[in-house]
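Please look at the structure below before reading on.

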Amino acid sequence: MKESTKMLLHYITGLGIVIVGGIHLFTVFLTGPYEQNLAFSGGPYSVISVYRSFILALTLELLLVFVDYHALNGIRVILIEFHQGAKWERGVSWILAVAGLLLFVYGTRTILIANALA
Amino acid sequence: MTEPLIPQLKKALFGWFYPFKYNIERWAYALQRISGIAVTGYFLAHIVETGNVVGGLDVWSTPPTSYAQDVWTATFQFLDNPMFDLGLVVIGFMLTYHTVNGIRLTLAEFGFLQGRPARPDFPYTPKSFGMAQRAIFWLSVILAAATAVYAINIFFGA
């Protein structure tokens with residue numbers, strides 16, 4: 001992937017985070033008592049209620065994908081600014097890509113299991 | 001050929017995080033990078049924390065709901081102390097700053113609010129960092145401070 005494509009994706013995911021991250025923070029802080037929304041169950045926006053709702057679980061999944069890319073690409077930018085060289089750049093990019101994939105799988109697993117909790 | 005690691009690291013950290021003697025854009029840059037690293041740390045912790053609620057790496061099938069509820073309640077009680085609350089206040093500040101300043105950077109990236117090129121005259125104020133961009137930078141600082149106050153009110157208010 002070209003460097004400019006990676007950075008374009010960085011800006012797109014950044015704007016995506018503003019939207020879905022806004023929804024995430026909205027459901028936690030602005031939809032009712034904070035204690036109720038951070039309780040495991042009991043309210044319409046309590047922890048497990050959010051995961052059980054398909055739409056809200058989907059926003060969490062999108063947030064996971066966006067933040068995953070944005071954060072790891074940010075680290076990549078820092079690391080290739082720290083030291084230059086084709087070998088270093090390839091190594092850093094691949095290691096972070098694998099780390100990002102593992103985080104994505106683990107986070108998706110959390111969302112899928114929490115969505116299926118009886 | 002390449003410098004040894006420690007001097008290289010020292011040089012890099014000074015170059016990134018020593019904004020004194022430069023203009024305000026350098027502060028914006030250093031803060032953006034520090035807040036990015038901080039929020040990444042929060043993101044990783046958040047993935048681990050929520051993953052533990054459904055069993056972590058030990059359980060690879062759907063656990064009973066009561067199990068998840070117990071882990072969630074235990075985690076919530078463990079995190080409910082002034083140290084973590086203070087950490088969340090800082091994360092709130094960092095997150096808001098990174099968001100609003102990030103919008104400024106996105107606008108600049110796509111060519112908005114850049115100012116017109118002009119002859120460089122003393123005292124050499126950068127045309128690329130004009131009034132509009134300065135306004136958004138200060139807005140990001142103000143909103144970040146407001147977020148911190150909001151968080152302090154939630155965690156430490158009556």
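## Two oblique helices

Helix 2 (residues 24-53) of chain B and helix 4 of chain B come within 9 Å of each other, axis to axis, and cross at roughly 125°. Axes are lines fitted to C-alpha atoms, for helices over the stretch in contact, and angles run from 0 to 180 degrees between N-to-C directions. The two helices are therefore oblique to each other (under 35 degrees counts as roughly parallel, over 145 as roughly antiparallel, 65 to 115 as roughly perpendicular, and the rest as oblique).

The contact residues (C-beta atoms, placed from the backbone, within 7 Å) include B:Leu31 and B:Val39 of helix 2 of chain B and B:Ile91 and B:Leu95 of helix 4 of chain B.

## Model and confidence

This is a predicted model, in which local features need pLDDT of at least 70, side-chain atom pairs count only at pLDDT 80 or more, and totals for chains, interfaces and linings use all residues. Residues are numbered from 1 along each chain as its sequence is written, while chains are lettered from A and ligands numbered from 1 in the order in which they are written.

Chain B averages a pLDDT (the predictor's confidence in each residue, from 0 to 100) of 91, and 98% of the residues score at least 70. The model has an ipTM of 0.94 and a pTM of 0.93.

## The whole chain

Chain B contains 5 helices and 0 strands. Helices (H or I, at least four residues) and strands (E, at least two) are DSSP runs, numbered from the N terminus. The C-alpha trace of chain B spans about 70 × 50 × 30 Å along its principal axes.

Methods:
Contact = placed C-beta atoms within 7 Å.
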